[in-house]
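Student: I have a structure to read and I am new to this. Can we go through it step by step?

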Amino acid sequence: MKIGIYPGSFDPVTIGHRNIIRRAAGIFDRLIVCVMVNAAKNPMFTLEERVDFLRRVTADLPNVEVDAFDGLLAEYARAKGNCVIVKGLRAGSDFEYEFQMALINRKINPGLDTMFLTAEHQYTYLSSSTVKELGEYDVDLSDFLPEQIISDFKKRIATIRQGGKRQ
Ligand code: COA
């Protein structure tokens with residue numbers, strides 16, 4: 001059985017991520033969406049909150065499971081066995097970084113492949129940061145976020161506005 005691993009910060013999951021998840025779930029027998037740590041980012045949601053969001057958004061996909069891991073992706077993949085990393089490519093600008101990551105992961109875990117799915121054209125502009133910025137304004141978020149998480153997302157934005165903690 002071939003396992004796909006779709007890693008990311010998912011802070012929060014967007015409809016662009018959901019699109020990649022659905023398509024990858026159709027390719028692999030089993031897809032693990034894994035919330036990981038990007039050391040360069042200061043997340044708005046805890047690892048547990050991001051896992052909960054992803055579980056709600058993928059509840060209708062029986063071969064998708066959601067996990068979290070705060071170590072190296074290449075080591076996580078090694079522990080899972082027969083798997084391929086899945087990443088979404090939105091634009092040429094993603095390529096260089098993703099190419100470097102794929103090579104580093106393969107260096108640490110020889111034989112580990114990374115497969116790239118091109119983002120649907122209507123989602124190429126999307127990123128979690130853009131959505132967090134939009135959340136500051138009175139914008140209809142249903143074009144960016146899955147409906148299952150919009151209310152919790154807005155609550156967090158309101159808490160931050162009132163001077164509360166980011167997480
Ligand atoms: N739709 C919408 N947005 C997308 C997308 C898509 N299809 N594909 C990517 N994005 C967005 C992400 O939301 C993210 O937005 P943000 O920068 O505003 O948060 C951005 O594009 C970059 O995505 P990605 O390159 O996947 O970064 P990431 O932070 O989500 O995930 C990890 C990176 C977590 C997979 C990576 O840091 C990692 O592997 N960490 C574990 C430790 C490790 O092994 N490090 C590597 C060795 S140094």
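Tutor: Start with a term. Contact means heavy atoms within 4.5 Å. Next, helices (H or I, at least four residues) and strands (E, at least two) are DSSP runs, numbered from the N terminus. This is a predicted model: local features need pLDDT of at least 70, side-chain atom pairs count only at pLDDT 80 or more, and totals for chains, interfaces and linings use all residues. Residues are numbered from 1 along each chain as its sequence is written, and side-chain values use heavy atoms, with hydrogens and water left out.

Student: How many helices and strands does the protein have?

Tutor: It has six helices and five strands. From the N terminus on, their order is β-α-β-α-β-α-β-α-β-α-α. The radius of gyration, taken over C-alpha atoms, is compared with a globule rule of 2.2 Å times the number of residues to the power 0.38. The protein's value is 16 Å, close to the 15 Å that the rule gives for 167 residues, so it is as compact as a globular protein of that length.

Student: Which residues of helix H3 are buried?

Tutor: Buried means under 20% relative accessible area, exposed over 50%, partly exposed in between (1.4 Å probe, protein chains only). In H3, residues 73-80, the buried ones are Leu73, Ala74, Tyr76 and Ala77. They span an arc of only 160° around the axis, which puts them on the same side of H3. That arc is taken from the directions from the helix axis to the C-beta atoms.

Student: What covers the buried residues of H3?

Tutor: The cover includes strands S1 (3-8), S2 (30-36), S3 (64-69) and S4 (83-89), and helix H4 (92-108). Just after H3, Gly81 takes a positive phi of about 95°.

Student: Which residues of helix H2 are buried?

Tutor: In H2, residues 47-57, they are Arg50, Val51, Phe53, Leu54 and Val57. Seen down the axis, they fall within an arc of 160°, so they line one face of the helix. These buried residues pack against helix H1 (15-25), S2, S3 and helix H6 (147-161).

Student: Is Lys87 buried or exposed?

Tutor: Lys87 counts as buried, because its relative accessibility is 18%. Lys87 is found in strand S4. Beyond its neighbours within four places in sequence, Lys87 is in contact with Tyr6, Pro7, Glu98, Thr114, Met115, Phe116 and Leu117.

Student: What share of the protein's residues is buried?

Tutor: Buried residues make up 44% of the 167. Now look at contacts between residues at least 6 apart in sequence: 77% join residues at least 24 apart.
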